[in-house]
Amino acid sequence: EKRSRVFRPSRKGRVIDGACPYQLLDCFRYMHPLLRLIRPRQWVKSSFVAAPLFFNTPLWSAQTLAQVALGMAAFCLMASAVYVLNDLVDREADKKHAIKRLRPLASGEISLTVAYAVMLVALMGSLATAMGLGGLFPVFLLSYGALQVLYCFWLKHHALIDVMTIALGFVVRVLAGAALIDVTPTSWILIMTMLLALFQGLAKRRDDLVHAMEVSHRRSLVGYNKSFLDVSISVVLGALLVAYLIFTTDAGVIERFGTENLFYTAPLVILGILRYLQITLVEERSGSPTEVVLRDKFMIFSIVGWVVSFLAVTHV
């Protein structure tokens, strides 16, 4: 009786029974498609769970940091489960896409059975971690998961609703992080989070149009064109900059942090936003916000510089 085929390594073009690899080194090679399936690079988005540490309390403790780290891990696992679900839903469409056809499920490197198993393990791990943290955190995590499932099956096909759903996903992350450390997030942090994520979503849609993604693969593109997206990006960025400047000079914020010097961090925020806008409009490579944040040296400098300056201003 033939064993089920699990992996299909693309390099050698041969099928190997995943249940019993012939060489130990093959196991490590098989991990590559699994890692691509769960997309660990996208886990950087879960860092928004830690945002309340910066904007709500200047007092950190080992327990607080441990809770936030576990909360980020729970969101990373939930995000991976959703990515697997998305690839399962879009498997046939991805096969017709120039780049996405190389995804593990679309290319046949990983079987449906393995994909479902990975999704289940990630989901169970996420829920178990959330239940261990307790409080309202599991509620926010489940809300995030439900929102992403709706996005996979329906919301991503509707213009404007698709990018707003992405933005709300980041807001939920911040709310979950606030619940972990038992603080109430200010309206400013929620507004800025939504605007920043909305900007990235619009930039990604613009990249889809620039690189001529077929409407059959992303139906929401029917409701967009470059002119509309350029204007929308400008409006959202203007609102984001104004919101941050007001945040740094707000009397309540100044009282909470005990300093009037928060506005000194604004130049780095402006530089970071302008650089991302340059990547979007000039270089036209804003298709993957995660890749931009992790690989662009200017963006890395802006982000690290803002973190350091913010901590210096609020803790000195």
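Helices here are DSSP runs of H or I with at least four residues, strands are runs of E with at least two, and both are numbered from the N terminus. By that rule, Phe153 is found in helix H7, which covers residues 137-153. The structure is a predicted model, where local features need pLDDT of at least 70, side-chain atom pairs count only at pLDDT 80 or more, and totals for chains, interfaces and linings use all residues. Residues are numbered from 1 along each chain as its sequence is written, and side-chain values use heavy atoms, with hydrogens and water left out.

As for the overall picture, the chain has 14 helices and zero strands. pLDDT is the predictor's confidence in each residue, from 0 to 100; it averages 85 over the chain, and 87% of the residues score at least 70. Residues 1-22 are another story, with a pLDDT below 50. Even so, that stretch has 40 contacts in the model beyond near neighbours in sequence, a contact being heavy atoms within 4.5 Å. Across the chain, take the contacts with a separation of 6 or more: 68% of them link residues 24 or more positions apart.

Next comes the inside. Of the 316 residues, 47% are buried, where buried means under 20% relative accessible area, exposed means over 50%, and partly exposed is in between (1.4 Å probe, protein chains only). In soluble globular proteins, nonpolar side chains tend to be buried together. A nonpolar core is a set of buried Ala, Val, Leu, Ile, Met, Phe, Trp, Tyr and Cys residues joined through side-chain atoms within 4.5 Å. The largest one has 40 residues, and those with the most contacts inside it are Phe55, Met192, Leu202, Tyr244, Phe247, Trp306 and Phe310. At least two residues of this core come from each of H2, H8, H9 (187-210), H10 (226-249), H11 (251-257), H12 (266-281) and H14 (297-315). Apart from it lies another core, of 14 residues, including Val49, Phe75, Ala79 and Leu133. Back in the 40-residue core, Leu202 touches Val163, Leu229, Ser232, Ile233 and Val236, leaving aside its neighbours within four places in sequence.

The loops have buried residues too. Thr259 sits between H11 and H12 and counts as buried because its relative accessibility is 9%. Leaving aside neighbours within four places in sequence, Thr259 is in contact with Ile254 and Val313. Lys100, in the loop between H4 (91-94) and H5 (104-107), is buried as well, with a relative accessible area of 14%. Its C-alpha is 9.5 Å from that of Asp87, which is 13 residues away in sequence.

Now for some backbone angles. Most residues other than glycine have a negative phi. Arg39, though not a glycine, has a positive phi of about 55°; it is in the loop between H1 (24-38) and H2 (51-55), and its 17% relative accessibility makes it buried. Leu160 is not a glycine either and has a positive phi of about 75°. Leu160 lies in the loop between H7 and H8 (161-180) and is partly exposed, at 45% relative accessibility.

Finally, the outside. The chain exposes about 16000 Å², with carbon and sulfur atoms supplying 67% of it; accessible areas come from the Shrake-Rupley method with a 1.4 Å probe, and for residues only the protein chains shown count as cover. Phe153 turns up again here, forming a nonpolar surface patch with Val89, Val149 and Trp154, about 380 Å² of accessible area together. Patches are made of residues with over 30% relative accessible area and no salt bridge, joining like charges within 9 Å and nonpolar side chains (Val, Leu, Ile, Met, Phe, Trp, Tyr) within 5 Å. A salt bridge is a side-chain nitrogen of Lys or Arg within 4 Å of a carboxyl oxygen of Asp or Glu.
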